[in-house]
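Student: Could we go through this structure together? I would like to begin with the ligand.

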Amino acid sequence: MHKKLFIPGPVEVRPEVLEQMAQPLIGHRSKEASSLQKRISNNLRKVFFTNSEILLSTTSGSGLMEGAIRSCTAKRAAVFSVGAFGKRWYDMAVSNNVPADLFEVEMGQAINAEMVNDVLKTGKYDLIAVTHNETSTGVMNPIDEIGEIVKKYDDIIFIVDAVSSAAGTKIEVDKWGIDICITSSQKALGLPPGISLCTFSQRAKERAEKVKNRGTYLDLLSLYNYIQKKDYQYPSTPSISHMFALDYQLDYILNKEGLENRFNRHLELAKVVRNWAKKYFDLFADENHLSNTLTTVKNTRNIDISELNKELGKRGFVISNGYGSLKDKTFRIAHMADCTMEDLEELLVNINDILGLD
Ligand SMILES: *Cc1c(COP(=O)(O)O)cnc(C)c1O
């Protein structure tokens with residue numbers, strides 16, 4: 001039996017989207033490939049509220065995270081972490097010989113703009129990296145407020161990991177001053193894993209031109225330059241099958257569901273899970289900074305989460321245990337991509353039934 005995924009990636013993918021990937025392939029140097037890629041970029045600009053260029057990568061989101069911090073740090077990166085994924089970005093910098101410092105807050109808390117200001121005013125940094133939606137703790141950082149601070153400094157490149165939030169909640173890339181905003185296919189976009197994409201500003205381009213040793217495959221400047229010269233074709237063979245699915249899904253998101261409706265649906269789903277969590281357990285994250293795409297529930301009843309998942313599995317559902325050190329202390333319910341209220345309520349009814357809650 002297929003288990004419906006309520007884990008924060010990969011997510012449940014609509015059958016029509018899956019079917020797109022079974023189409024016969026086209027050559028990646030064909031006119032059709034150029035127009036497919038251009039259409040995807042134009043539509044993604046709408047999802048991100050940006051005029052920046054879009055870059056696609058046949059890697060998961062981590063590929064672009066590594067590429068971004070390496071390609072655009074000339075002096076030193078300040079990485080702000082609120083959990084597992086922020087920490088991972090710092091480790092990527094270190095392993096690529098990119099000078100970096102890590103700034104952390106307590107798990108469950110968000111980054112505040114004041115903290116960013118204090119770090120930037122030292123003058124030591126020329127790039128900051130922030131996780132928008134921390135998938136381990138269920139915290140959503142105030143990227144708009146952080147962006148206002150970053151704008152006070154001329155030479156800071158602002159890169160954002162929006163892997164588990166983009167297309168599930170509004171991110172206004174240009175208004176918030178984000179230079180590179182990264183996401184993966186298998187989270188709120190509702191596609192299979194295997195491709196990722198980011199916005200790439202002119203400032204990011206100009207910065208990368210000053211950085212030596214940007215690597216090859218994940219050198220964002222060379223990707224940018226190549227697609228300008230070659231009518232949006234990529235230097236190496238991209239996952240064309242993912243592009244078919246992405247193209248189809250973007251049309252659905254923008255023209256069938258509508259962006260605002262999609263963001264609202266995510267928020268409504270989030271509210272239901274938050275209320276459920278508060279009634280029977282508790283929320284792990286700071287209530288002022290809750291994620292709209294997943295909820296990390298504090299395991300106040302000390303339930304056996306793997307046992308719960310085993311029982312859920314028999315009924316055709318799967319949720320996620322806590323991440324890393326939070327493994328048994330929390331569990332996570334993702335409510336992203338094309339999840340409906342009906343799907344979610346069915347899940348919660350089953351959890352209540354298994355745990356004997358009412
Ligand atoms: C899933 C996730 C990642 C990793 O993305 P991959 O596509 O698996 O490489 C990074 N950051 C956040 C916030 C995530 O949720």
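This is a predicted model: local features need pLDDT of at least 70, side-chain atom pairs count only at pLDDT 80 or more; totals for chains, interfaces and linings use all residues.

Student: Which residues come nearest to the ligand?

Tutor: S60, S62, T135, D161 and K187 come nearest, out of 15 residues around the ligand (a heavy atom within 4 Å).

Student: What is the distance from D161 to a nitrogen atom of the ligand?

Tutor: An N or O atom in the D161 side chain is 2.6 Å from that nitrogen, a polar contact (a pair of N or O atoms within 3.5 Å). For K187, a side-chain N or O atom is 2.7 Å from an oxygen atom of the ligand.

Student: How much of the ligand's accessible area does the protein cover?

Tutor: The protein covers 90% of the 380 Å² that the ligand has on its own (Shrake-Rupley method, 1.4 Å probe).

Student: Which helix gives the largest share of the shell?

Tutor: That is α3, with three residues. Both α3 (61-72) and α4 (84-95) supply at least two; helices are DSSP runs of H or I, at least four residues, numbered from the N terminus.

Student: At what angle do α3 and α4 pack?

Tutor: The angle is about 50 degrees, and the axes of α3 and α4 are 9 Å apart. Axes are lines fitted to C-alpha atoms over the stretch in contact, and angles run from 0 to 180 degrees between N-to-C directions.

How values were computed. Residues are numbered from 1 along each chain as its sequence is written. Side-chain values use heavy atoms; hydrogens and water are left out. A polar contact is a pair of N or O atoms within 3.5 Å; within protein, one must be able to donate a hydrogen and the other to accept it, and residues adjacent in sequence count only if both atoms are side-chain atoms.
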